[in-house]
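I open this notebook to record what I looked up in the structure shown below. Entries are grouped by topic.

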Amino acid sequence: MYLIQILLPRSDNDGARFPREEFDRLKEELTARFHGVTAYLQSPAEGLWREGTATDSDDIVVLEVMVPEVDVADWKDRRSDLEHRFRQDTVVIRYLQMTLI
């Protein structure tokens, strides 16, 4: 079993917050495709990264799905779509192998 995590910013690069409907739409899509999703939307995490000597930050939300196998090609296509929809150069999607207890 694998846990897929999607990290998305709450705001675009100009600081405009994405409407809640965008995240709700994505939750519906993931639920339809993977039969469930966990979305951490209320308490966004803070992402920090360094470019040169400057440190940037974003408030992010995390969406998770569990899958028996990872279709990397499908997730790359999904990532490209999310980068377009959320106007990002890069959206982080990562997966971890896990064991259900």
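I counted a polar contact as a pair of N or O atoms within 3.5 Å; within protein, one must be able to donate a hydrogen and the other to accept it, and residues adjacent in sequence count only if both atoms are side-chain atoms. By that criterion I recorded the side chain of R10 reaching the backbone oxygen of L41 at 3.4 Å.

Basis of the entries. The model is predicted, with local features requiring pLDDT of at least 70 and side-chain atom pairs pLDDT 80 or more, while totals for chains, interfaces and linings use all residues. Residues are numbered from 1 along each chain as its sequence is written, and side-chain values use heavy atoms, leaving out hydrogens and water.

Confidence. I noted a chain average of 89 in pLDDT (the predictor's confidence in each residue, from 0 to 100).

R10. I located R10 in the loop between β1 (2–9) and α1 (20–34). R10 is buried, because its relative accessible area is 15% (buried is under 20%, exposed over 50%, partly exposed in between; 1.4 Å probe, protein chains only). From R10 to F23 I noted 9.3 Å, C-alpha to C-alpha, at a sequence separation of 13 residues.

β1. Seven of the eight residues of β1 are buried. I found β1 and β4 paired antiparallel over six bridges (pairing requires at least two DSSP bridges). L7 has V92 of β4 as its bridge partner.

L100. I placed L100 in the segment after β4 (92–97); L100 counts as exposed because its relative accessibility is 54%.

Note on methods
Helix = DSSP H or I, 4+ residues; strand = E, 2+ residues; numbered from the N terminus.
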